[in-house]
Structure formats: C-alpha cells, structure tokens
Amino acid sequence: MKLKFNQKLNLMNLSQVISLIFFVVFFVVLSKAMFEVQENTSMSFDEIASIGQMTEYIEDFMDDKIGIQEIKDEYKNIVSFGIDNNELMDVISYVDKAAQLKTNNLKIEKDIFDLIQQSIEPSNQYIFNISKKLADENLRDDVSTLERTIIGSATQNIITNYEIKTLFLGLKEDIDTQDKIHSTLKDAIENAVMAKKSLAGTPFVTLPEAALKSLTSMQTLSNTYISNTESIINTGNLIRDNLNKLEQDISESGSTKLLETSTAIKEKLVLFIILIAIITCIIGAFNFVLTKKISQQIGGEPEEIAEIAENIASGNLNVNFKDSNKKLGAYKSMYNMSEKLKEIVHNIINGADNIAAASQQMSSTSQQISQGANEQASSVEEVSSSMEEMTANIQQNTDNAQKADKSTQDTETGIVDSVGAAEEAIQHTNMISDKINIISEISFQTNILALNAAVEAARAGEHGKGFAVVAAEVRKLAEKSANSAQDIENIVGNLKDTSDQAGVKLNSVIPKIKNNVQLIQEIAAASFEQNSGATQVNSAIQQLNHVTQQNAAASEEMATSSEELASQADQLRQTIAFFKINTKAKKKTRLQIAKPTKKETLKTFESHKKQETSEKQNKGFDLVLTDKGKLDDEFQSF
Amino acid sequence: MTKAKNQNKVNSYLSFKIDNEEFAIHVESVLNILEMTRITEVPKAPTYMKGVINLRGTVLPIVDTRLKFGLKEIQYTEKTCIIVMEVFIDKQKILLGSLVDEVISVIEFDDKDILPPPSIGNKFKSEFITGVIVDNEKFIMILDINKIYSGDELSILKENTQEVTETE
C-alpha cells in the first residue's frame with residue numbers, strides 16, 4: 001500500500017519505539033517479578049517476626065505480665081498477612097482457655113484470702129476478748145482453763161491461716177510447692193477435727209467447726225487452683241508447640257514461593273530475549289525496506305531539489321537537470337513541475353491576451369447595452385407619462401360618470417316629482433271640473449227654472465209677458481253661464497289632456513331615465529375598473545422603467561468591470577513576466593489593452609479578432625508574437 | 001176660450017229634443033219642467049211607463065217618450081228632463097211626465113208660421129204632429145200631446161198611478 005513520506009518516517013520511528021516498548025515491557029515484567037520475590041521474602045520475615053512477637057506476648061501472658069488484648073491484636077496482624085492457619089486458631093482458643101483459667105484462679109485466690117480472713121477474724125476476736133478479760137484483774141478469774149486453752153487454739157488457727165496464705169502465695173510463684181500446701185492443709189484439717197472433738201458440747205465448738213469448714217473449702221479451692229495452673233502450663237506448652245509449627249510452616253512456604261518465583265523469572269527472561277531478537281530482526285528488515293522506499297521517493301539529493309525549487313521560486317524556469325535520465329520520486333516530480341510550469345506560463349500569456357481581447361469586446365457590448373437600456377428607459381418614461389395621462393382621463397371619466405349618475409338620479413327624482421305634480425294638477429283639474437260641473441248644473445237648473453217661468457208666463461198670456469222677458473233674460477244668463485262653464489270645461493279638459501299627456505310622457509321618460517341611471521352606473525363601474533386596470537398597467541410600466549434603469553446601471557457597471565478586466569489581464573501579463581522561459585523563438589510583446597471608446601474600438605477589435613481566429617486554430621501554445629507588428633498599429637495606445 | 005184666442009195669434013211653445021229631433025208642445029199643456037230625478041219603478045207597467053215620481057205630494061207617472069215613439073232607449077244624460085204635461089182624457093185632466101233628451105226653450109210664433117206636417121217617410125205617427133215650424137233651417141215638430149196617448153193607454157197609466165197612490 002502506498003504510504004505517505006511522513007507516514008514512512010513515522011513508521012520507522014514507530015518501529016524503534018515498538019522495540020523500545022518491548023524492552024521496557026520486559027524490564028517492567030522482570031522488575032515486577034523481582035519485586036514480588038522481594039515482597040514475598042519480606043512478608044515471610046514479617047510473618048515470622050509476628051509469630052515471634054506473639055510467642056513473646058504469650059510468654060508474657062503466661063507470666064501474667066500482660067493481658068490478652070495484645071495477643072489478640074497480634075493475632076489480627078498475623079491474620080492480615082493472609083495466614084489462615086488452623087494451628088493459629090487453635091493457639092488462640094488455647095489462649096482464651098488459659099485466660100479463662102487464669103481468671104478462675106484469681107477468683108479462687110480472692111476466695112481463699114477471704115476465707116482466711118474470715119477464719120482469722122473470730123479467733124482474733126476471741127483472743128482479744130479473753131485477753132481483755134485477763135488483763136482486768138477483776139475478770140481474770142472468770143476466765144476458765146478451757147478458755148485459756150482455746151486461746152492457744154485460736155492462736156494456732158491464726159498462725160495456720162497465715163501459713164496457708166503464705167504458702168498459697170508461694171504456690172503462685174512456683175506450682176511445685178503444692179505438696180507443701182497440701183500437707184499443711186491436711187494437718188490443719190486434722191487439728192481442727194481434733195479440736196472439734198475435744199470442744200464438743202461446749203459453746204466453743206463453733207470455733208473449730210468454723211475453722212474446719214473454712215479449711216475444707218480452702219482445700220477444695222487450692223486443689224482447683226493447682227489443677228487450673230497445671231492446665232495453664234499445659235496449654236502454654238501446646239501454644240508454644242503450635243506457634244513453633246506455624247513458624248516452620250511459614251518458613252517453608254516462604255521458601256517454596258521464592259523458589260517458584262525465581263524459576264518463573266528465569267523462564268520469562270529466556271522468553272523475552274528470544275522475542276527481542278526476533279523483533280529486532282523484523283524491525284531492522286522493515287526499516288531497511290522503508291529507507292529504500294524513502295530514498296526512492298526523494299529520487300535524488302534533497303539539496304539539489306531545494307536548489308531547483310529556489311530557482312523556480314525566483315522565476316527562473318530554465319533549470320538544468322543533471323541526471324535527467326534517471327528520474328525518480330521528488331526529483332522527477334520537480335522536473336515535471338518545471339516543464340509543466342513553462343507550459344502553464346505560455347498558456348497564461350495566451351490566456352491574458354485572450355482576456356484582454358474579450359474584455360474589449362465586452363466593454364463595447366456593454367456600452368451598447370447601456371445605450372439601448374437608456375433608450376428603453378426613455379421610451380418607457382414616455383409610455384409611463386402617456387399612461388398617467390390616460391389614467392387621469394379615466395379618472396375624470398369615472399368622476400364624470402359618477403356626477404352624471406348622481407345628476408340622472410336627481411333628474412329621476414325630479415321627474416317623479418313632476419309626475420307627482422302633474423298628477424296633483426290633474427287632481428286639481430278634476431276638482432275644477434267638479435266645480436264647473438256644479439256650475440253647469442246650476443246654470444242648467446237655472447235654465448229649467450227660467451223655462452218654467454217662461455212656460456208659466458206663456459200660460460199667463462198677456463199678463464205674463466213681462467215675466468216672460470225676465471225669464472228670457474234669466475235664461476240668457478243661464479246660457480251664458482252654461483257656455484262659460486262649458487268653455488271652462490273645455491279648457492279644463494284640454495288642461496287635463498295636456499296634464500295627462502305630460503304625465504304619460506313623464507312616465508314614459510321615467511323608465512328611460514332609470515335605464516340611463518343604470519347605464520351611467522355601468523359606465524361608472526366600467527370606468528372604475530378601467531381606472532384600476534390603467535393603474536395596474538401604470539405600475540407595471542413603472543416596474544419596467546425601474547428594471548430598465550437597473551439594466552442601464554448594470555451595463556454601466558459591466559463596462560467598468562470589463563475595463564477592470566482588461567487592466568487585470570495586463571497585470572497578469574506583468575506578473576507572469578516574472579517567469580523567464582527558454583525562448584524557443586517566443587518573443588513576448590506587451591499587447592496594449594485599448595480603452596474602449598465606443599464603436600470605433602468595436603470595429604477594430606472585430607477585424608482583429610477575425611484575423612486572430614483565422615490564424616491560429618490551436619490552443620495557443622505556439623505564441624507567435626513576432627508577426628503581430630501590423631496588428632499592433634491598429635490599436636490605439638492611450 | 002181666451003186661450004183659444006191666444007192660440008190663434010201668438011203661441012208659445014216649449015221646444016225639446018228627442019233623438020236629435022226637435023219637438024215642441026203648446027205651453028198650455030206644460031205645467032212644469034223638472035230635472036231628471038230618481039224614478040220609482042212600477043211593476044207590471046207597460047214598457048214605456050218608466051215609473052212614478054213624487055211631485056209635491058202627488059204621484060206623477062213618467063213616460064219615456066222615446067219608447068213611445070218606438071225609438072231605442074238611451075242612457076239618461078244630465079240634460080234629460082221631465083216635462084210635466086196636462087193631458088185631457090174623457091174630459092179629465094191627467095198629469096204625466098215625459099222624458100225628453102233636452103229642453104231647449106220657449107218659443108213664440110204665429111200660427112201662420114206653422115207648416116203642415118210631412119206625411120212621407122216619417123218615423124213617427126203623423127196624426128199627433130200638428131205642424132212643423134222652421135227655425136233657423138231647423139224643423140221643429142209641433143206635437144199634440146193629446147193625440148200621442150190613446151185613451152186606453154191613459155187609463156192604464158191612471159190605474160197604475162192610482163195603485164201607486166194607494167200603496168203609498
């Protein structure tokens with residue numbers, strides 16, 4: 001697998017580190033084992049020392065120098081070593097037993113002393129009393145012989161008790177004096193029995209009885225004491241034996257462990273030596289391979305490579321490659337790099353030329369666009385203003401329509417009122433008609449009356465002539481009246497007709513007016529819609545205007561950008577001139593970038609471009625700049 | 001008698017219209033001219049007898065002259081009048097009212113102006129037309145009321161009137 005250079009070096013380091021680790025591990029393990037050995041040994045010593053200590057304590061305990069607590073503590077200590085020995089446990093139980101016996105003995109001691117004291121006390125008292133009596137001259141004689149004899153016994157008792165006490169104390173010191181105490185007690189008891197016998201029947205028999213009792217108890221107690229003590233001694237021996245055995249065991253086990261550990265160490269040591277040898281070989285081989293690979297990677301002297309790189313860095317691409325036939329690794333790459341760089345620089349130079357040309361074109365095109373956009377903007381402005389006018393017109397239409405609507409509605413109202421008025425007029429004429437009718441009737445009736453009168457007058461003959469005249473006159477009047485009434489009737493009739501006609505006409509007008517109102521409302525609504533439509537169009541035009549202006553601005557920007565691009569191309573050429581290339585007849589001439597001045601530049605460039613494209617159909621490697629003299633002239637230098 | 005004399009000299013006639021024809025009767029036959037009023041119908045009366053009205057307490061039979069003349073009955077207009085006439089029958093005076101379309105005036109004229117009645121193509125019976133007067137190129141036919149109604153008719157009228165009077 002392909003590893004990076006660093007990785008290879010790291011691997012070498014790693015391999016060394018690994019071998020080092022192995023050493024370390026080996027040492028660690030070994031040390032650990034040796035520590036173990038040391039620990040084991042020291043532990044064994046500690047254990048033994050502990051056992052020794054315990055033995056000492058037990059001795060002291062046996063000698064009543066110390067209590068049982070130290071022994072117990074030491075026992076805990078020993079247990080903490082991990083020694084869980086039956087023998088040890090036995091020891092402890094023995095110790096407990098011994099302790100118990102010792103306690104018993106103490107009690108016995110106390111009891112015996114008490115008994116002694118109890119025994120002594122009455123005798124003392126008796127002696128005291130009798131002595132007192134004897135001392136007194138008066139009472140001396142009262143004292144009987146027996147009583148005097150008893151003094152002796154009492155004194156003997158006291159002496160015996162003190163003897164026993166002393167012997168008992170001696171027994172504590174040395175158990176082998178037990179015979180003495182046995183015999184003393186035996187004698188004392190015999191004496192007491194004898195005393196009791198001799199004093200039987202007397203009130204003083206109580207003394208020997210008491211003494212006997214106490215002595216017997218003492219005997220029992222002392223026997224018990226002795227047996228206890230012997231037990232203690234035996235126990236002590238057992239303990240000692242056990243401890244000895246334990247000590248031995250520990251020693252043995254310690255030695256065994258040591259042997260085991262040493263053997264283990266030896267084995268491990270051998271194993272490790274073998275492993276290390278193997279690993280060293282492997283790592284050695286591995287590193288050898290790596291080193292070879294590394295040198296291949298570099299491919300040559302690093303100093304040489306560095307020198308080449310320095311050259312390239314300072315722009316000199318015409319580098320001499322010694323041993324360019326054997327190209328390996330980095331060396332080879334450097335060679336490739338410099339070749340490639342030369343190529344690239346050629347390309348860049350070409351590219352810069354192209355960019356310059358293209359930027360010129362772009363500049364002029366953008367100028368065109370800008371102009372076009374400006375024209376567009378102005379047209380849009382015109383349209384916009386027209387639209388606004390139209391909108392204003394429509395607005396006016398709407399207003400007018402609304403006014404007309406209102407006016408028509410007023411007209412309608414007016415007409416309805418007129419109709420109402422006409423109807424009222426008709427009503428009035430009807431009223432007039434009625435009145436006229438009445439007048440007609442009246443005149444008719446007057447006529448009738450006049451006729452009646454005339455008839456009567458005629459019937460009266462001569463006498464009635466005058467009356468007949470009167471009647472005739474009345475008739476005339478009535479006729480006149482009737483005629484006037486008729487005239488009025490006619491006029492009224494005409495009036496009525498006229499009013500009717502007017503009313504009819506007005507009524508016929510009303511639907512038309514209503515129609516008008518509707519139409520006008522429709523007009524108003526349509527106009528309103530038109531207005532909103534116009535507004536929308538207006539806003540759209542405004543947007544268009546805005547966009548056009550943006551376009552104009554953008555194209556201006558583009559023109560600027562293209563100028564900048566041209567200058568950048570120039571800069572690029574200057575920058576790339578840093579690299580000095582081996583001229584295979586490649587003369588670099590600075591292609592002057594013309595500042596775009598509207599159309600003339602465009603024309604010139606177009607012709608130039610055509611020529612260029614016709615000349616070189618390749619990728620621009622062979623930058624034949626020598627023939628460019630005539631084309632250069634066509635460019636205006638600024 | 002005085003009346004007869006008068007009749008020969010100047011006569012006053014009451015002219016009226018029926019169906020656009022002008023007629024006149026002598027004023028001595030005319031008592032009164034009345035306006036059109038409500039006529040109380042009389043059942044079982046002859047067709048031409050429209051009914052009766054109350055004339056100052058008396059019952060007056062009303063006759064439609066048009067029907068009497070055999071003309072079509074028309075609707076009453078406001079000019080329709082009732083002429084209260086005196087008719088002689090068996091020397092008895094009977095009052096009756098005649099419906100006319102219009103009463104015109106009282107006219108005076110001499111006997112000499114009276115022309116003989118036409119006898120050709122007349123829709124009316126000529127015996128009760130005593131004469132014709134020309135007035136402003138207009139013919140006025142003078143009627144003899146006594147001849148219009150026959151005795152029988154008048155009796156019937158009377159009977160009916162009496163019935164009405166009794167019932168009232």
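# A tour of the two chains

Start with chain B. From the N terminus on, its elements run α-β-β-β-β-β-α-β-β-β-β-β-α-α. That makes four helices and 10 strands. Keep in mind that this is a predicted model. It scores ipTM 0.83 and pTM 0.39.

**Stop 1: confidence in chain B.** Color chain B by pLDDT. The mean is 78, and 82% of the residues in chain B reach 70 or more. Now select residues 1–8 of chain B. Here the pLDDT is below 50. Beyond near neighbours in sequence, this stretch has four contacts in the model.

**Stop 2: how chain B is packed.** Of its 168 residues, 32% are buried. Look next at contacts between residues at least 6 apart in sequence. In chain B, 55% of these join residues at least 24 apart.

**Stop 3: where the chains touch.** Show both chains. How many residues of chain A are in contact with chain B? There are 11, and they meet 15 residues of chain B. Select helix α8 of chain A, written α8(A). It supplies nine residues, the largest share of the side of chain A that touches chain B. By type, that side of chain A divides into six nonpolar, three polar and two charged residues.

**Stop 4: the largest core.** Stay with both chains. The largest nonpolar core has 53 residues. Select A:Leu451, A:Ala454 and A:Val455, then B:Leu14, B:Ala24, B:Ile83 and B:Val103; these have the most contacts inside the core.

Now center on B:Leu14. Leave aside residues up to four places away in sequence. From chain A, B:Leu14 touches A:Leu451 and A:Val455. From chain B, B:Leu14 touches B:Ala24, B:Ile25, B:Val27, B:Val30, B:Ile83, B:Val103 and B:Val106.

A second, separate core has 21 residues. To find it, select A:Ile120, A:Ile164, A:Leu207 and A:Ala211, which are included in it.

**Stop 5: helix α5 of chain A.** Select residues 178–198 of chain A. At 1.5 Å a residue, these 21 residues should span 30 Å. The end C-alpha atoms are 30 Å apart, which agrees.

Pick out A:Ile181, A:Thr184, A:Leu185, A:Ala188, A:Ala192 and A:Ala195 in α5(A); they are buried. Why do the buried residues line one face of the helix? Look down the axis of α5(A): they fall within an arc of 95°, so they share one face. What covers the buried residues of α5(A) includes α4 (145–173) and α6 (206–298) of chain A.

The face turned away from the buried side carries the exposed residues A:Asp179, A:Ser183, A:Lys186, A:Glu190, A:Met194 and A:Lys197.

**Stop 6: helix α2 of chain A.** Select residues 68–80 of chain A. This helix has 13 residues. From first C-alpha to last, α2(A) reaches 19 Å, close to the 18 Å expected at 1.5 Å a residue. Then step to A:Gly82, which follows α2(A). The phi of A:Gly82 is positive, near 100°.

**Stop 7: back to α8.** End at A:Gly351, which lies in helix α8 of chain A. Is A:Gly351 buried or partly exposed? A:Gly351 has 16 C-beta neighbours inside 10 Å, so it counts as partly exposed. A:Gly351 and A:Leu572 are 221 residues apart in sequence. In space they are 9.4 Å apart, C-alpha to C-alpha.

Definitions and conventions
Residues are numbered from 1 along each chain as its sequence is written. Chains are lettered from A and ligands numbered from 1 in the order in which they are written. This is a predicted model: local features need pLDDT of at least 70, side-chain atom pairs count only at pLDDT 80 or more; totals for chains, interfaces and linings use all residues. A nonpolar core is a set of buried Ala, Val, Leu, Ile, Met, Phe, Trp, Tyr and Cys residues joined through C-beta atoms within 7 Å. A residue is buried if 20 or more other C-beta atoms lie within 10 Å of its own, exposed if 12 or fewer, and partly exposed in between; C-beta atoms are placed from the backbone. Two residues are in contact if their C-beta atoms, placed from the backbone, lie within 7 Å. pLDDT is the predictor's confidence in each residue, from 0 to 100. Helices (H or I, at least four residues) and strands (E, at least two) are DSSP runs, numbered from the N terminus. The expected span of a helix is 1.5 Å times one less than its number of residues. The arc is that of the directions from the helix axis to the C-beta atoms. Ala, Val, Leu, Ile, Met, Phe, Trp, Tyr, Cys and Pro count as nonpolar, Asp, Glu, Lys and Arg as charged, and the others, Gly among them, as polar.
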